[in-house]
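Please examine the sequence and the model displayed here.

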Amino acid sequence: MPRMFKNLIPISILLLTPLLTQQAAAMGRRPLPSNSLAELSANHDLSKPNQDDKKVILTGPKLSLIFHHGSRRLIFNNTLILMNGPLTVKSQHSFLTATDTTETVAPLLMPEKLLSQYQPIRSVILDPGHGGADPGAIGKAGVKEKDVVFDIATRCQKKLNAMGIKAVITRKKNRNLSLKERPRMANKLQADLFVSIHANSSRNRAAKGIETHILPAVNFPSTAPSSFSKTACAGNSWDKMNVLLAYSIQKSTLLTTSAADRGVRRSRFSVLRNATCPAILIECGFLSNKVEEKNLNNPVYRDKIATGIANGIKELVNLQ
Ligand SMILES: [Zn+2]
């Protein structure tokens, strides 16, 4: 876009868009499935889109959103969120998918409004992955995922209980639990949130950092190649809360650990698909990375992760 157009909202395009959409519908064509960032900024009292050929920046009194053309990457208040679809550019305007406008960005911009639609958060299920005969990932020095994540869950449980939030752990110390049983526990206990805790592994030993997974919306792809069907599953009932919970935990955990931000990602993991309440899965670091294996083997570092998860949940409770 030429420099002279920077910061200008071509109002004619804004006014024309619904008209064109109606015309398209009347002619039997599918209406455009996306909303402009100019409209988003007007609706939420943000600055006018400030864009160059790579990115678009919107700012508010205490927040910033950086979108990237052709990409699902949104940097929301310095935390990476992978949206359902990419930002597209048409006629010098940037558009989100309609799904991301309502299911990704609105929950982040208006958390109090969203939380007011749900019952107060009183109880959380903490689900340390693997256990028993299934060790999960194993680092080069022999650190096992099942042990690391159980310790993080136990520490997090104590912190949440001390905050007045009831926390229950899905499995006993060295027992495995089927993937289907894990979300069922949330249902049985009528829990308000489900947090699955894992440690990562990669063939690329340089890979490092924390990532938090939520379901992609219906008909949108995962962020990693996946063969799962894109049709709706039980966990999609909480798409809006999922993104808010994931953002809050990802941001808070990065703050307590200073780990690299690998973002809020989209995956159709079994425990997320079958979730009976808002659910996330956090990968607390890479056991395949020498430094992170050492960190994850250190109780002080595990305590920082547990504090990050608990604080992220408490932040939502405070907004209710
Ligand atoms: Zn795992």
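## Basis and overall content

The model is predicted; local features are reported at pLDDT of at least 70 and side-chain atom pairs at pLDDT 80 or more, while totals for chains, interfaces and linings use all residues. Residues are numbered from 1 along each chain as its sequence is written.

The protein chain contains 10 helices and 14 strands. These elements are DSSP runs numbered from the N terminus, with helices (H or I) of at least four residues and strands (E) of at least two. Of the 320 residues of the protein chain, 45% count as buried. A residue is buried if 20 or more other C-beta atoms lie within 10 Å of its own, exposed if 12 or fewer, and partly exposed in between, with C-beta atoms placed from the backbone. Among the contacts in the protein chain with a separation of 6 or more, 73% join residues 24 or more positions apart. Two residues are in contact if their C-beta atoms, placed from the backbone, lie within 7 Å.

## Strands β4, β5 and β6

Strand β5 comprises residues 73-76, and β4 comprises residues 63-68. β4 and β5 run antiparallel and are joined by three bridges; strands are taken to pair if DSSP finds at least two bridges between them. L65 stands opposite F76 in β5. The hairpin of β4 and β5 has four residues between the strands, and G70 takes a positive phi near 70 degrees there.

β5 also pairs with β6 in the antiparallel sense, over four bridges. R73 has L82 as its bridge partner in β6, and F76 stands opposite T79. In this hairpin two residues lie between the strands, and N77 adopts a positive phi near 45 degrees.

## Helix α10 and its packing with α7

Helix α7 (residues 239-257) packs with helix α10 (residues 299-319) at an angle of about 140 degrees, with their axes 7 Å apart. α7 is therefore oblique to α10. Axes are lines fitted to C-alpha atoms, for helices over the stretch in contact, and angles run from 0 to 180 degrees between N-to-C directions. Angles under 35 degrees count as roughly parallel, over 145 as roughly antiparallel, 65 to 115 as roughly perpendicular and the rest as oblique.

The crossing of α7 and α10 is right-handed; a crossing has this hand if the near helix is turned clockwise from the far one by less than a right angle, and is left-handed if anticlockwise. Residues making the contact include L244, L245, S248 and I249 of α7 and Y301, K304, I305 and T307 of α10. By class, the contact of α7 with α10 has nine nonpolar, nine polar and three charged residues. Here Ala, Val, Leu, Ile, Met, Phe, Trp, Tyr, Cys and Pro count as nonpolar, Asp, Glu, Lys and Arg as charged, and the others, Gly among them, as polar.

## Packing of α5 with α10

The axes of α5 and α10 cross at roughly 45 degrees and come within 8 Å. The two helices α5 and α10 are therefore oblique to each other, and α5 passes α10 in a right-handed crossing. The contact involves V148, D151, I152, R155, C156, K159 and L160 of α5, and R302, D303, I305, A306, T307, I309, A310 and I313 of α10. The residues of this contact divide into nine nonpolar, one polar and five charged.

## Loop residues

H130 lies in the loop between β9 (123-128) and α5 (145-162). H130 is not a glycine, yet has a positive phi of about 65 degrees. H130 counts as buried because 21 C-beta neighbours lie inside 10 Å. G139 is found in the loop between β9 and α5 and counts as buried, with 21 C-beta neighbours inside 10 Å. Leaving aside neighbours within four places in sequence, G139 is in contact with L287, S288 and E293. G139 and N200 are 61 residues apart in sequence and 9.8 Å apart in space, C-alpha to C-alpha.

Q190 is located in the loop between α6 (181-188) and β11 (193-200). Phi of Q190, a residue other than glycine, is positive and near 55 degrees. Q190 counts as exposed because 11 C-beta neighbours lie inside 10 Å. P61, in the loop between β3 (55-60) and β4, is exposed, with 6 other C-beta atoms within 10 Å.
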